[in-house]
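Colleague: I'd like to learn how to read the features of a model like this one. Could you walk me through it?

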Amino acid sequence: MYIHMLGYPTHFGQMETLKLIAANGFAEKRIGYLGLMLLLDERQEVLMLVTNSLKMDLNNDKNPYIVGLALAALGNICSAEMARDLAPDVERLLERQPNPYIRKKAALCAIRVLKKNPELVEEFADKATDLLHDKNQGVALSGVTLLLAICSMQPSMVEQYRKHVPTLCKMLRGLLQGGFSPEHDVGGITNPFLQVKILQLLRVLGRGNADASDAMTDILAQVAANVEGSRNAGTAILYEAVSTIMGIETIGGLRVMAVNILGRFLANRDNNI
């Protein structure tokens, strides 16, 4: 891997990475999968030789971290053929796996699978919405990211997902009103990453639809009024809130609030803002 980083050919090491992946220990597999992701890409024919090892590791019931390694590798370098062959295993992990660590990795891996095989969107459509109800915020963040990817790849799914706008608003309200959580706190704001993703998804679902836009008006007003913009995390949330307000069918009062926030951004001395 060091030789590869220096820019020299490393074809001689490709088979060694496959041998490490086929080993039984976690330490060997970790190095093997790291080498696989660095030394190979989806255009390499030798990549097809690792499909069987990936399938076995995705079905490993004893060590969830081995499953996580396989999902990370598949989500980074899988080809269309590999994605098609291993999609049922990713779908099974997304649906039946009780471990949140694996579920969130499976959701992110599913994005790569769907990019390589858009015709599989229907298989993952309902399972992606189930993640919105997960109590683990990491899983919920992965689920929202997967929904955004599905809406981007297949715009016809937007209409089907609009019924979940109340659920997304409830999630966002819980983040705004929730107490201090050290695990997810960033600059005094609870999980700004999830808040930003929810706002982005609401913008996609509310664009061009008056009913969906009306359902999210109250929560957007709360975000615009209550989020403190003195720190980067709050500024990011306010920026997404303004983009969402301007991107959906909102009333005039909410747009005035968004314009005022933009005015504060422009008056800020920080050039990044």
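Colleague: Thanks! How many positive and negative side chains does the chain have, and how far apart do the centres of the two sets lie?

Modeller: For counting, Lys and Arg are positive and Asp and Glu negative, while His and the chain ends are left out. Each charge is placed at NZ of Lys, CZ of Arg, CG of Asp or CD of Glu. In this chain there are 28 positive and 28 negative side chains, with 4 Å between the centres of the two sets.

Colleague: Before going on, what should I keep in mind about the model?

Modeller: This is a predicted model, where local features need pLDDT of at least 70 and side-chain atom pairs count only at pLDDT 80 or more, while totals for chains, interfaces and linings use all residues. Residues are numbered from 1 along each chain as its sequence is written, and side-chain values use heavy atoms, with hydrogens and water left out.

Colleague: What does the secondary structure of the chain come to?

Modeller: Helices (H or I, at least four residues) and strands (E, at least two) are DSSP runs, numbered from the N terminus. Here they come to 15 helices and 2 strands. The C-alpha trace spans about 65 × 40 × 35 Å along its principal axes.

Colleague: And how do I read burial? What share of the residues is buried?

Modeller: Buried means under 20% relative accessible area, exposed over 50%, and partly exposed in between (1.4 Å probe, protein chains only). Of the 273 residues in the chain, 48% are buried. The areas come from the Shrake-Rupley method with a 1.4 Å probe, and for residues only the protein chains shown count as cover. The accessible surface of the chain is about 14,100 Å², and 53% of that belongs to carbon and sulfur atoms.

Colleague: Which residues gather in the patch of negative charge?

Modeller: A patch is made of residues with over 30% relative accessible area and no salt bridge; like charges are joined within 9 Å, and nonpolar side chains (Val, Leu, Ile, Met, Phe, Trp, Tyr) within 5 Å. The negative patch on the surface consists of Glu95, Glu122, Glu123, Asp126 and Asp130. Helix α8 (residues 121-130) gives the most to this patch, with 4 residues.

Colleague: Which residues of α8 are buried, and what covers them?

Modeller: The buried residues in α8 are Val121, Phe124, Ala125, Lys127, Ala128 and Thr129. Their cover includes α6 (80-96), α7 (100-116), α9 (137-153) and α10 (157-161).

Colleague: Lys127 is on that buried list. What does Lys127 form a salt bridge with?

Modeller: Side chains of opposite charge can pair when their charged atoms come close. The test for a salt bridge is a side-chain nitrogen of Lys or Arg within 4 Å of a carboxyl oxygen of Asp or Glu. Lys127 pairs with Glu91, the closest N and O atoms being 3.0 Å apart. This pair links distant parts of the chain, with Lys127 in helix α8 and Glu91 in helix α6, 36 residues apart. Both partners count as buried: Lys127 at 15% relative accessibility and Glu91 at 17%.

Colleague: How many salt bridges are there in the whole structure?

Modeller: The search finds 7. Another of them joins Asp134 and Arg103, with 2.4 Å between the closest N and O atoms. Asp134 lies in the loop between α8 and α9 and Arg103 in helix α7, so this pair ties together parts that are 31 residues apart in sequence. Arg103 is buried, at 11% relative accessible area.

Colleague: And are Arg162 and Glu159, which also meet in a salt bridge, buried or exposed?

Modeller: Arg162 counts as buried at 17% relative accessibility, whereas Glu159 is exposed with a relative accessible area of 53%. Their N to O distance is 2.5 Å.

Colleague: Which residues make the nonpolar surface patch?

Modeller: Tyr2, Ile3, Met5, Leu6, Tyr8 and Phe12 make a nonpolar patch of about 770 Å². Tyr2 belongs to helix α1 (residues 2-5) and counts as exposed, at 59% relative accessibility.

Technical notes. Contact = heavy atoms within 4.5 Å.
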